[in-house]
Amino acid sequence: MTAPHIINFIGIPYEKCNCWQLVEQVQKCIYGRKLPNYKHVCCWDTVRVARAFKRAAAYPNWHPTDIFYDGDIILLARGRTPTHAGVYYDDHILHTTQALNSCLTPIDLLGQLGYRIVQGYTYAV
């Protein structure tokens, strides 16, 4: 993923694109990878979000990783359960929140937003 590509995904209003929809669009538009669509899952229903993330993580060709590369999917949590997702890019996470819209947050500042990384997933055929 190059900087010009990532810029296209910064500043998208949350109302138009929640965190999983952002991940889905980045994977589709930049990498040509199709992911499950979870528009029906309300972001406030943390149990359903966690179940959806667990199903998505089992999607073919995605493998857990602790070493991140550009384009990897990163699951984030506030508390124990992963309820947020983003895309890794150059020591940043591209994600979206209602307060920030879509943005690039340096990994070392995620804690200031209340997030911690739960797991990364990398694509391998």
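This is a predicted model: local features need pLDDT of at least 70, side-chain atom pairs count only at pLDDT 80 or more; totals for chains, interfaces and linings use all residues.
The protein contains 3 helices and 6 strands. Along the sequence, these elements run in the order α-α-α-β-β-β-β-β-β. Of the 125 residues in the protein, 44% are buried. The accessible surface amounts to about 7000 Å². Carbon and sulfur atoms account for 54% of that surface. Contacts that span the sequence were also examined. Among those between residues at least 6 apart in sequence, 58% link residues at least 24 apart.

In soluble globular proteins, nonpolar side chains tend to be buried together. In this model, the largest nonpolar core has 16 residues. Seven names stand out within this core: W20, L22, V23, V26, L35, I73 and L94 touch the most other members. Three elements, α2, β2 (73–77) and β3 (82–89), each give two or more residues to the core. Helix α2 supplies the largest share, with 4 residues.

K34 was considered separately. This residue sits in the loop between α2 (19–31) and α3 (46–57). K34 has a relative accessible area of 68%, and it is therefore classed as exposed, the cut-off being over 50%. K34 and E24 are 10 residues apart along the chain. Their C-alpha atoms are separated by 7.2 Å.

Definitions and conventions. Residues are numbered from 1 along each chain as its sequence is written. Side-chain values use heavy atoms; hydrogens and water are left out. Buried means under 20% relative accessible area, exposed over 50%, partly exposed in between (1.4 Å probe, protein chains only). A nonpolar core is a set of buried Ala, Val, Leu, Ile, Met, Phe, Trp, Tyr and Cys residues joined through side-chain atoms within 4.5 Å. Contact means heavy atoms within 4.5 Å. Accessible areas come from the Shrake-Rupley method with a 1.4 Å probe; for residues, only the protein chains shown count as cover.
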